[in-house]
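Please open the model in your viewer and keep the sequence panel beside it. The stops below say what to select next and what is there.

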Amino acid sequence: MNRVGAVDADTDTLALLSFKSVVSDSQNVLSGWNQNSSHCTWFGVTCANKGTRVQSLRLAGYGLSVGLCHCYNLEEIYFKHIQLIGNLPSELGDLSRLRILDVAVNNLTDVIPPTFGNLSSLTVLSLARNQFFAKIPNELGHLHNLQKL
């Protein structure tokens, strides 16, 4: 699916606000996430060099319980030890620029989605200390840049 030209900084803002709407934030670390300021200044958000597109989210260890968002320019997601519960969304396979996905030490279950085979830029996939019960999908064999699993 080609999204070139279909998304912009406003798309990232809306995606992050949507993400915030499904987060249980017991420590109020996302309290500054609102439309009154640029998403690039929000806690845990790093934007690309041009300063408008989300490049990484770093929200590890803040007691967040979350559903994952869709910022298509994301290159890094660090959700280690934040009490994620349930399945990894197959839609993460649409994040074509994703290089690092660290969801270690959570309560993720079920299987690794076969769509992760679409993540050709992925170099690090950290899934340790979750409760996956199925084998690694064959599609992960397409991840030629993967350096750490």
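A residue is called buried when its relative accessible area is under 20%, exposed when it is over 50%, and partly exposed in between, with a 1.4 Å probe and protein chains only. Buried residues in this sense make up 44% of the 149 residues in the chain. This is a predicted model, in which local features need pLDDT of at least 70 and side-chain atom pairs count only at pLDDT 80 or more, while totals for chains, interfaces and linings use all residues. Residues are numbered from 1 along each chain as its sequence is written, and side-chain values use heavy atoms, with hydrogens and water left out.

**The whole chain**

Begin with a cartoon view, in which the chain has 1 helix and 10 strands; helices (H or I, at least four residues) and strands (E, at least two) are DSSP runs, numbered from the N terminus.

**The annotated span and its disulfide**

Next select residues 10-47, which an unreviewed UniProt entry annotates as "domain: Leucine-rich repeat-containing N-terminal plant-type"; UniProt positions are given in the numbering used here, feature names are shortened, and annotations may be inferred rather than shown by experiment. This span is 32% helix and 13% strand, and its end C-alpha atoms lie 13 Å apart.

Within the span, show C40 and C47, which a disulfide joins with an S to S distance of 2.0 Å; a disulfide here is a pair of cysteine sulfur atoms within 2.5 Å. Both C40 and C47 are buried. The torsion about their S-S bond is about -95°, so the disulfide is left-handed.

**The nonpolar core**

Now turn to the largest nonpolar core, where W33, F79, L101 and F116 touch the most other members among its 36 residues. Such a core is a set of buried Ala, Val, Leu, Ile, Met, Phe, Trp, Tyr and Cys residues joined through side-chain atoms within 4.5 Å. The elements that give two or more residues to this core are α1 (9-21), β2 (45-47) and β3 (54-58), and α1 gives the most, with 3 residues.

Centre the view on F116 and ask which residues F116 touches, not counting those up to four places away in sequence. With contact meaning heavy atoms within 4.5 Å, they are L88, P89, L92, G93, L101, L125, L140 and L143.

Select the open sheet of 5 strands, whose order is β2-β3-β5-β7-β9 and whose pairing is mixed; two strands pair if DSSP finds at least two bridges between them. Its edge strands are β2 and β9 (124-126), each of which pairs on one side only. Inside this sheet, 3 bridges join β5 (residues 76-78) to β7 (residues 100-102), and these strands run parallel; E76 stands opposite I100 in β7.

The other stop is an open sheet of 3 strands in the order β6-β8-β10, with parallel pairing. At its edges stand β6 (85-86) and β10 (131-132), each with a single partner strand, so one side of each is left without a neighbour in the sheet. Strand β8 (residues 107-110) pairs with β10 over 2 bridges, and D110 stands opposite F132 in β10.

**Two loop residues**

Most residues other than glycine have a negative phi. Select N28, in the loop between β1 (24-25) and β2, where phi is near 55°, a positive value; at 52% relative accessibility, N28 counts as exposed. Finish at V105, in the loop between β7 and β8, whose phi is near 60°, also a positive value; at 18% relative accessibility, V105 counts as buried.
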